[in-house]
Amino acid sequence: MSDFRIFEYEVNTAKLPDGAEGPVFCMLADLHSHSYGEDNSRLARAVLAQKPDAVLVAGDLLTGRLGESFLPAVSLLRQLRSEGLPVYYGNGNHEYRMRLHPELYGNMYAEYAEALRELGIVPLENEKAAFQAKGLSMVIYGFELEEFYYQKFCWANFQEEELERILGKPDEEHYNILLAHNPVYFHAYAEWGADLTVSGHLHGGIIRIPGIGGVITPQARLFPRYDAGHFRWKGRDLVVSRGLGTHTINLRIFNPPELSVIRLKGE
Ligand SMILES: [Fe+2]
């Protein structure tokens, strides 16, 4: 696979003073146990070089299959934590299915979550954590979308009421960040009150046609709206990573792996 590229996004918010430089985040998604350099040292160095205030994980750092090694994900996170970086971990469909189905995956998820906790990282399983940096008070939510919505050819609608039932109502006094692996329901996330949603899952659409975008989603939808990059709707933001790895279809065309850097700024 080709080397990762750094994609930078400026996200504006009225919750910061006019023009003020706010927190900086590195966002990781869909590593799928890939390693850049031994034990992901090259990727860890690239993250640390950005001097982010925190790291946001938008899921699928590993692939949910028996015998999967946690080493690439855990060693990456260990290097980030050893420099004192806060890491907020949201599960993707791969972590979630291991968590949901111990009858298929044994205690893999329990062991992985334990390895994260030993590093001082709490997997946000439909939970939230408060975070403060650069004068901005934030709440970071990790959201696990039910498996049903990940099925192939599933065009089901997901409503903000459902998100409120799962996560509660966000407090508009804070800047609310939602780690939501699947970007398809961005409008529901925004209506719920996510100021910023970070996602992955689509791997950039696998093949990207210059000027058009990503071709296909894991659910076999063609030319997805939220394939990669920064989107804004009703003053709420979404950043979708092209992902850092692949699985099953080990293919990326015009679609480099992505390390996302998100800079919040007052508008
Ligand atoms: Fe995924």
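Threonine 246 is found in the loop between β12 and β13 (258-266). The model examined here is a predicted one. Threonine 246 has a relative accessible area of 16%, and is therefore classed as buried, the cut-off being under 20%. Apart from residues up to four places away in sequence, threonine 246 touches Met1, His32, His203, Leu251 and Arg252. The C-alpha atom of threonine 246 is separated by 25 Å from that of leucine 119, a residue 127 positions away along the chain.

Strand β12 contains valine 239. With a relative accessibility of 0%, valine 239 counts as buried. When residues up to four places away in sequence are not counted, the contacts of valine 239 are Tyr9, Val11, Met27, Leu196, Thr197, Val198, Ser199, Gly229, His230 and Ile262. Between the C-alpha atoms of valine 239 and methionine 108, which are 131 residues apart along the chain, the separation is 29 Å.

Alanine 228 is placed in the loop between β10 (213-214) and β11. The relative accessibility of alanine 228 is 10%, so this residue is counted as buried. Alanine 228 touches Gly204, Arg208, Val240 and Arg242, again leaving aside residues up to four places away in sequence. Glycine 213 is 15 residues from alanine 228 along the chain, and the C-alpha atoms of the two are separated by 8.0 Å.

Tyrosine 149 belongs to the loop between β6 (136-143) and α6 (160-167). A relative accessible area of 12% makes tyrosine 149 a buried residue. Its contacts, with residues up to four places away in sequence not counted, are Cys154, Ala156, Asn157, Phe158, Asn182, Tyr185 and Gln219. Tyrosine 149 and leucine 244 are 95 residues apart along the chain, and their C-alpha atoms are separated by 23 Å.

Positive phi values were computed for two residues other than glycine, asparagine 126 and lysine 234. For asparagine 126, phi is near 55°. Asparagine 126 lies in the loop between α5 (108-118) and β5 (127-133), and with 25% relative accessibility it counts as partly exposed. For lysine 234, phi is about 50°. This lysine 234 is located in the loop between β11 (229-233) and β12 (236-240). Lysine 234 has a relative accessible area of 59% and is therefore exposed, the threshold being over 50%.

Helix packing was examined for α1 and α2. The axes of α1 (residues 41-49) and α2 come within 9 Å, with a crossing angle of roughly 35°. The crossing of α1 with α2 is right-handed. On the α1 side, the contact involves Ser41, Leu43, Ala44, Val47 and Leu48, which meet Leu76, Gln79 and Leu80 of α2. Of the residues in this contact, six are nonpolar, two are polar and none is charged.

The model also contains an iron ion, coordinated by Asp60 through OD, Asn93 through OD1, His181 through NE2 and His201 through ND1. The angles among the four donor atoms run from 85 to 177°, and the site of the iron ion is irregular. Along the chain, the donors of the iron ion follow the spacing D-x32-N-x87-H-x19-H. Aspartate 60 and histidine 181 link distant parts of the chain, being 121 residues apart. Aspartate 60 is in the loop between β3 (54-57) and α2 (71-82), while histidine 181 is in the loop between β7 (175-180) and α7 (186-192). Both aspartate 60 and histidine 181 are buried.

Terms used:
Residues numbered from 1 in each chain as written. Predicted model: local features only at pLDDT ≥ 70, side-chain atom pairs only at ≥ 80, totals over all residues. Heavy atoms only, no water. Donors = N, O, S within 2.8 Å, 3.2 Å for Na, K, Ca; no water. Tetrahedral: all angles 85-135°; square planar, octahedral: opposite > 155°, others 65-115°. Helix = DSSP H or I, 4+ residues; strand = E, 2+ residues; numbered from the N terminus. Buried < 20%, exposed > 50% of the residue type's maximum accessible area, 1.4 Å probe, protein only. Axes fitted to C-alpha atoms, helices over the stretch in contact; angles between N-to-C directions. Left-handed = near helix turned anticlockwise from the far one by under 90°. Contact = heavy atoms within 4.5 Å. Nonpolar A, V, L, I, M, F, W, Y, C, P; charged D, E, K, R; others polar.
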